[in-house]
Amino acid sequence: MIADFLKDFYVGQILMHLLFGAALTSSLYYVLAIRGKAEALPIARKIFHSLTIGIVLALCLNMMNVMTSNFNYTYVWSYSNKDLPTWYLMAAGYAGQEGSFLLWTTWVALIGSVLIPYVRKRNWEAEVMVFYSVILVFLLLLLVVKNPFAYIWDTFAKDGIQKGYTPLDGRGLNPLLHNIWITIHPPILFTGFAALSVPFAFAMAAMIKRQYHEWVNAVLPWTLYATAILGFGIMLGGFWAYETLGWGGYWAWDPVENSSLIPWLTSVALVHTMLVQRKTKGLVRTNIILALASFILVLYSTFLTRSGVLGDTSVHSFVDPGMFAYVILVIFMSTFIILGVGMLIARRKDFFVSTASFAPQSREFLLSIGAILTLMSALIVLLGTSYPLIAEIFGMTKVALDQGFYNSIHLPLVTVILIVNGVSLVVRWRVHWKAKTLGSVMKKILFPLSLAIAATIGSFIIGVQDPWYIALGFASWFALFVNAELALKVVRAKFSSTGAYISHAGIALLMIGVLATSRYSVKEHARLVQGQPQTILGYTMTYIGKNQVEKERKDIERYHYYVVVQSKNKVDTVAPVMFWSDFNKRQAAFQEPGISWSIDKDVYLSPKILEMEGELPKATLKKGNTIALPTDTSLKITFERFDMSGMRGGPQNGGIRPGAVITVTMPNGEKKELTLFANIAMPSMETIPEPLMIPNTTQQIAFTKLDVNKTSLEESGAMFTFYDTAKPQSAPKEVFTAEISIKPLINLVWFGVIAMVGGFFVSIFRYASKKTPIERAENADNTEIKEKAEVPAEIEK
Amino acid sequence: MRLLRIISIVATVCTVAVSGYFMTIYTSLPTPTFNKAILEATGQGSEEQAKKIKIISAAVIDSDHPFTPQEFYATDTEGTTFRVNYTGNDPLPTLKNGEAIDIIGHVHGGEMPYVHASQVIKSY
């Protein structure tokens with residue numbers, strides 16, 4: 001009844017239009033509030049909160065449609081079906097373009113409602129929320145165009161679909177997305193995207209208010225939160241690729257991966273330049289530009305990955321959203337670029353107020369250098385990811401850049417970043433240009449430097465001998481030891497001050513893991529005969545058989561292939577997966593790896609194919625084809641035609657029973673016609689043949705597979721299997737082919753990212769309540785900021 | 001500040017220049033024959049994306065090899081005729097039998113191997 005009501009009155013679609021109107025109204029009231037109409041502010045606020053409730057309601061409505069398999073809706077029909085388990089149904093709610101836009105919008109709205117009391121307390125509400133509401137205006141405009149509540153009869157009206165038509169089932173969710181990570185990764189990534197709206201809105205507000213220092217203190221915890229969440233989301237995507245999708249690695253520099261990495265890198269730079277401004281009042285313009293850029297790059301990433309422009313250069317699936325949505329994406333991005341650049345130009349004279357001067361041996365200078373290096377990385381990834389677009393514009397071959405492009409440039413760049421990071425932490429803030437600091441710096445880095453040299457020598461002895469990898473290894477060890485030493489010094493006195501050290505140490509560990517896995521992984525293809533142990537890469541591996549799982553599901557046929565992996569001190573059984581799905585009409589298998597986890601390395605098995613060894617000879621014949629019997633060449637068979645009489649009565653025992661008529665030509669020229677039948681179970685298509693003996697011979701023949709040509713039934717063929725009963729064969733054995741690789745220190749990659757994200761969260765708690773030294777100095781009515789801001793390097797980061 | 005500004009400008013210029021240089025290195029597509037591409041794809045690791053290639057070929061259009069906007073046939077420099085499945089963004093150019101073309105995409109193995117093309121460019 002509710003469904004009928006929703007259907008008859010287009011409730012979902014009307015709701016999206018109303019929400020768009022509400023966002024627009026909220027923005028207009030915030031504009032009025034900025035222009036001095038104080039009574040407009042509470043109205044704008046109430047509209048915004050109502051908007052948030054409405055958007056959450058829309059999300060719930062979409063979820064309800066998906067969970068109840070309401071295939072009246074094009075979105076539900078496109079991304080779900082009745083066989084999906086509950087978890088995947090929930091994921092289907094945001095697996096498509098429209099659903100993911102709705103999820104992103106919901107996060108923006110919810111964060112906005114939390115942000116309102118925060119900015120209200122600081123008297124920044126109207127200026128911040130006006131831009132924040134405008135972001136929602138555009139997101140909701142996209143949802144009006146790419147509406148998740150569009151009806152199937154409206155979408156396919158041209159195809160003659162009548163109003164009220166309900167498909168029996170949906171198209172289903174891409175099987176690659178059928179795992180637990182789809183329920184975690186996208187919501188977290190979109191939270192990061194949504195949170196990056198906050199620094200943008202604050203930066204714009206700072207230019208409206210012409211207050212260029214207060215906003216940094218207020219927005220720093222939000223920026224840390226956005227960076228932490230986005231980094232965590234990116235890492236989960238990498239883990240998903242490694243653990244389930246079977247891509248072998250965790251990072252492939254794919255456009256979709258890059259598109260979330262670029263804003264993350266700029267937000268990392270922003271965090272550091274904001275710290276510099278808090279301490280020195282310098283980098284005012286830089287921080288505003290970076291806050292604007294981080295958000296605009298989120299929009300650019302959305303444009304790259306959702307507009308279809310990179311459709312044929314990525315392993316991820318991109319869908320062309322249609323010209324109207326494409327235009328709105330372009331307008332969305334252009335509007336915020338114009339707004340940001342316009343405000344920067346309008347306020348350009350304000351940015352010359354800073355008289356901050358950074359001595360090269362100061363921490364603010366080295367932090368700035370670190371930020372420049374991080375931005376160089378972002379620029380490289382941006383140029384690389386945009387290359388297919390650039391190439392198309394210049395009429396060149398539209399092709400994604402090879403991974404080598406990113407790896408080659410980043411190897412030296414990351415090495416320098418890590419060294420700068422280590423050194424920046426041992427120098428002091430605001431030292432004079434003429435101050436002689438080399439001696440004290442050397443003294444401070446002596447211990448971590450010695451440890452880094454020792455670790456590098458150790459790595460060299462165990463095989464890290466390429467010059468660039470030695471350099472990267474040394475830089476990583478150096479950054480790790482500097483940060484670990486400083487963290488240990490302050491952890492007891494002030495745990496919240498360890499956030500930056502934990503994050504930096506995490507990045508250093510991550511890079512050691514990246515170095516080990518990318519350069520020192522080994523791999524080998526192996527054919528594992530069932531029950532026969534084989535030594536591969538120092539492990540004894542035995543394929544012991546397969547087992548079908550999730551038998552209750554009709555839309556997929558899923559098998560686990562069990563392999564025992566044995567080393568000197570460990571025996572483990574891994575179960576790589578191959579499955580066939582109706583989603584791609586079972587044309588190709590989907591594969592998931594099997595991983596034997598251990599602390600120092602993973603044994604990674606990517607399944608390839610399962611074959612039979614010692615199988616009987618086979619041949620596929622089309623109508624009219626004649627061959628000599630492989631088991632007795634004095635006999636010839638001709639495939640005449642199919643006999644479908646067994647199928648006319650309908651499925652037999654839950655399947656079909658086609659027949660193949662053959663003519664056997666005996667050595668004396670005599671011809672005999674035989675009809676061979678095969679029982680094909682549905683929907684698994686498993687074939688159980690009914691073999692026949694060729695009269696007066698020892699030869700047995702069976703019709704074992706129907707080879708259907710869908711475009712021309714005349715071209716369809718039949719597969720036959722031959723057996724000489726006079727020469728009994730041993731039972732055929734399964735042969736499991738897999739690519740086996742050893743991934744050393746892969747856990748450092750995961751642990752490093754977790755530490756990095758954890759460090760960000762520790763810093764959020766630190767900066768959420770803390771006033772800057774400048775504020776403290778101002779509160780104390782002390783103009784000697786420099787003296788107040790001068791704190792020990794070990795304590796103040 | 002002035003020093004930082006100079007460093008920023010130099011870093012930007014260097015990044016663009018170095019990126020441009022490396023782009024020229026990492027975008028030249030290999031040009032194998034169809035059979036060689038199939039052979040290479042068979043030995044390719046799972047962690048690698050399907051390798052993009054350019055097959056220098058000529059269109060084959062006759063009664064046995066029909067031309068449709070999504071599918072046609074081509075023959076490579078070894079004389080192997082193969083099926084091309086086209087899913088590029090731009091409409092497929094109208095081709096004549098024997099017309100020289102560069103097919104950019106990746107190969108699919110299996111019982112009926114074919115090229116999944118994202119670009120088909122007439123070569124002059």
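## Contacts and make-up of chain A

In this predicted model, 71% of the chain A contacts between residues at least 6 apart in sequence join residues at least 24 apart. Chain A holds 23 helices and 20 strands. Of its 797 residues, 55% are buried.

## Confidence

The average pLDDT of chain A is 87. A score of at least 70 is reached by 89% of the residues. One is residues 648-653. Beyond near neighbours in sequence, this stretch has three contacts in the model. The other is residues 781-797. That stretch has 45 contacts in the model, again leaving out near neighbours in sequence.

## Nonpolar cores

The largest nonpolar core counts 205 residues. Those with the most contacts inside it are A:Trp104, A:Leu115, A:Phe202, A:Trp215 and A:Phe336. Helix α11 of chain A, residues 214-245, supplies the largest share of this core, with 17 residues. In soluble globular proteins, nonpolar side chains tend to be buried together.

A:Leu115 shows what the packing involves. Setting aside residues up to four places away in sequence, A:Leu115 touches A:Val128, A:Met129, A:Tyr132, A:Val198, A:Phe202 and A:Trp222. Another core lies apart from the largest one and has 20 residues. Among them are A:Phe639, A:Ile662, A:Phe703 and A:Phe722.

## A:Thr191 in helix α9

A:Thr191 sits in helix α9 of chain A, which spans residues 185-195. Its relative accessible area is 9%, so A:Thr191 counts as buried, the cut-off being under 20%. The side chain of A:Thr191 reaches the backbone oxygen of A:Pro187 at 2.6 Å. Not counting residues up to four places away in sequence, A:Thr191 touches A:Trp107, A:Ile111, A:Tyr225 and A:Ile229.

## Make-up of chain B

Chain B has two helices and five strands. From the N terminus on, the order is α-α-β-β-β-β-β. Buried residues account for 38% of its 124 residues. Among chain B contacts with a separation of 6 or more, 53% come from residues 24 or more positions apart.

Chain B is divided into domain 1, residues 1-28, and domain 2, residues 31-122. The C-alpha centres of these two domains lie 37 Å apart.

## Helix α1 of chain B against chain A

Helix α1 of chain B covers residues 2-26, 25 residues in total. From its first C-alpha to its last, the helix reaches 36 Å. That is close to the 36 Å expected at 1.5 Å a residue.

The buried residues of α1(B) are B:Leu4, B:Ala11, B:Thr15, B:Ser19, B:Phe22 and B:Met23. They pack against two helices of chain A: α15 (363-393) and α16 (403-424). An α-helix has 3.6 residues a turn, so residues three or four places apart point the same way.

## B:Thr80 in a loop

B:Thr80 lies in the loop of chain B between β2 (71-76) and β3 (81-86).

The side chain of B:Thr80 makes a polar contact with the side chain of B:Asn35, at 3.2 Å.

Notes. Residues are numbered from 1 along each chain as its sequence is written. Chains are lettered from A and ligands numbered from 1 in the order in which they are written. This is a predicted model: local features need pLDDT of at least 70, side-chain atom pairs count only at pLDDT 80 or more; totals for chains, interfaces and linings use all residues. Side-chain values use heavy atoms; hydrogens and water are left out. pLDDT is the predictor's confidence in each residue, from 0 to 100. Contact means heavy atoms within 4.5 Å. Helices (H or I, at least four residues) and strands (E, at least two) are DSSP runs, numbered from the N terminus. A polar contact is a pair of N or O atoms within 3.5 Å; within protein, one must be able to donate a hydrogen and the other to accept it, and residues adjacent in sequence count only if both atoms are side-chain atoms. A nonpolar core is a set of buried Ala, Val, Leu, Ile, Met, Phe, Trp, Tyr and Cys residues joined through side-chain atoms within 4.5 Å. Buried means under 20% relative accessible area, exposed over 50%, partly exposed in between (1.4 Å probe, protein chains only). The expected span of a helix is 1.5 Å times one less than its number of residues. Domain bounds come from an automatic or database domain assignment.
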